[in-house]
Amino acid sequence: MAHRKAYYEPEKNGHPPVIPKTKSPYSLKELFSALFHQDADSEPRLEIQFSSIFNFPYGLFFNYGRSGLYALLKVLGYEGVEVLIPAYTCVVVANAIVLSGNNVKFADNEPDHFNVSPEMLASYISSSTKMVIPTPLFGYPIDWKRYENVIFQKAPGAFILYDDAQGYGLYDQDDLQSTHTDGAFFGLGEGKVISSIYGGMLLLRDRSLYEEVKAYRDREFHTPNSFKCVKRFIYGLGYWAAYRTLVAYFFDYLNNKTGLLDSLKNDRSSPSLPVDTKERPTNLQARLGRLQLGRLEEIMEERRRLARLYERKFHEKGISFFSSNGKPSNSHFPCLTKDRDLAIGALRRYGIMAGYPFLKACPDLPGYEDYSGKYPNASLMAKKLITLPIWHGMTESHVNHVVHSFMRCKDKNPDIF
Ligand SMILES: *Cc1c(COP(=O)(O)O)cnc(C)c1O
């Protein structure tokens with residue numbers, strides 16, 4: 001408290017000193033509109049709209065991105081097959097692969113970057129790799145051309161599935177990065193760039209594969225009862241409310257003081273999938289997905305603008321965090337510290353709610369003990385990386401406040417930052 005008072009100088013427009021780490025990407029108006037203006041064909045319309053934006057002929061909507069991955073692995077008939085993913089990623093990807101009856105192979109990142117470089121890819125891929133999941137994290141593009149070369153040389157014929165959960169719309173010169181892949185999947189759940197409360201989209205290029213996955217989904221995934229729509233709506237309200245500034249501050253405070261929410265952070269003891277993984281999404285989700293998609297460009301533009309502001313302001317202070325070989329779209333603003341937990345605590349004293357990325361060094365988690373300790377760079381990223389607030393509606397003075405606070409913390413605690 002004392003620090004914050006000492007530092008905080010109210011500005012002309014007088015925004016409060018507390019800055020949440022994120023905000024729900026949909027507005028209350030959109031949420032209510034999705035509830036009251038549903039149409040029966042929202043899902044197929046969302047699939048068409050989504051696939052055309054990302055240049056794919058076919059799309060399939062699921063409750064989660066991982067549901068699409070799981071269904072795809074099943075339909076491809078893979079059993080005991082090697083699927084290559086980053087070691088530092090969202091562990092649900094690894095879980096879906098393992099639970100579909102297949103084997104994950106992890107690739108480490110470079111010490112100074114969270115993305116897997118083409119050189120690292122080359123050292124883990126082999127002719128037994130049947131699927132590769134290139135994953136641009138935090139909206140930072142991968143080096144697509146060189147990825148492609150490595151895959152074609154070392155694992156020709158491997159299925160290339162782009163994990164676009166954080167990569168919404170990354171370009172290489174003029175092409176979308178996913179343009180040359182067999183498929184891509186997106187997340188529309190909590191914490192994603194756009195959200196349908198829960199949701200995931202699988203995009204495919206091959207017609208007969210699409211038809212098979214669609215048939216599999218329609219056969220194996222059950223339709224929830226109509227009460228589910230109300231449940232999703234209520235959850236959606238909660239998600240929206242949880243990131244209002246004061247509510248978010250309250251939870252953050254509670255968590256910090258009491259550790260009450262720690263159980264939510266803890267990882268389950270073995271890989272599992274949520275019970276509704278094989279449930280069809282409701283119409284409400286599809287409708288909300290369409291409303292959000294209509295604003296995607298605007299939301300991304302805003303994030304890019306804020307990220308460039310951050311970069312410029314940090315650059316003026318002589319700091320740059322991560323290089324990029326293209327134009328990032330910043331699903332997050334990642335930065336490196338020397339100690340993640342202490343850095344987040346220090347920033348909290350200035351009213352800045354920095355985020356723990358939900359990405360993990362998967363080899364360090366229960367269920368992946370065989371790989372434990374063999375991916376030092378992924379383990380380091382997991383210990384050192386935090387994300388700074390970036391959300392639609394943030395102002396330049398918010399960004400100033402974050403950068404200023406970060407620099408104050410760094411000056412006071414050089415061993416943490
Ligand atoms: C969120 C996320 C996923 C999974 O999405 P779900 O919809 O939660 O299954 C996969 N990969 C990355 C990088 C993610 O951020």
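In which loop is F138 found? I found F138 in the loop between β5 (129-132) and α7 (144-154); helices here are DSSP runs of H or I with at least four residues, strands are runs of E with at least two, and both are numbered from the N terminus.

Housekeeping before I go on. This is a predicted model, where local features need pLDDT of at least 70 and side-chain atom pairs count only at pLDDT 80 or more, while totals for chains, interfaces and linings use all residues. Residues are numbered from 1 along each chain as its sequence is written, and side-chain values use heavy atoms, with hydrogens and water left out.

Most residues other than glycine have a negative phi. I noted that F138 has a positive one of about 55 degrees although it is not a glycine. F138 is also buried, with a relative accessible area of 1% (buried is under 20%, exposed over 50%, partly exposed in between, with a 1.4 Å probe and protein chains only). N55 is another non-glycine with a positive phi, about 65 degrees. I placed N55 in the loop between α3 (42-53) and β1 (58-62), and its relative accessible area of 47% makes N55 partly exposed.

**α2 and α9.** I looked up how helix α2 (residues 28-36) meets helix α9 (residues 227-242): the axes come within 11 Å and cross at roughly 175 degrees. Axes are lines fitted to C-alpha atoms, for helices over the stretch in contact, with angles running from 0 to 180 degrees between N-to-C directions. The pair is therefore roughly antiparallel (over 145 degrees; under 35 is roughly parallel, 65 to 115 roughly perpendicular, the rest oblique). From α2 I listed L28, L31, F32 and L35, and from α9 F233, G236, L237 and W240, as the residues in contact (heavy atoms within 4.5 Å).

**α5.** I checked helix α5 (residues 91-99) for burial: 7 of its 9 residues are buried, so the helix is largely enclosed by the rest of the structure. The buried ones are V91, V92, V93, A94, N95, A96 and I97. Among the elements they pack against are α4 (65-75), β2 (82-86) and β9 (183-187). G101 follows α5 and has a positive phi near 95 degrees.

**α14.** Helix α14 (residues 340-348) also has 7 of 9 residues buried, so it too is largely enclosed by the rest of the structure. D339 caps its N-terminal end, with a side-chain oxygen 3.1 Å from the backbone nitrogen of D341.

**Ligand.** Which residues come nearest to the ligand? Of the 16 around it, I got G65, R66, D163, Q166 and K192 (a heavy atom within 4 Å counts as near). A backbone N or O atom of G65 sits 2.7 Å from a ligand oxygen. For polar side-chain atoms, the distance to a ligand oxygen is 2.8 Å from R66 and 2.9 Å from Q166.

**S329.** I found S329 in the loop between α13 (296-316) and β11 (333-336), buried at 2% relative accessibility. Its side chain reaches the backbone oxygen of Y168 at 3.5 Å.

**D206.** D206 is in the loop between β10 (200-204) and α8 (207-220), and is partly exposed at 40% relative accessible area. Its side chain makes a 3.0 Å polar contact with that of S208 (N or O atoms within 3.5 Å; within protein, one must be able to donate a hydrogen and the other to accept it, and residues adjacent in sequence count only if both atoms are side-chain atoms).
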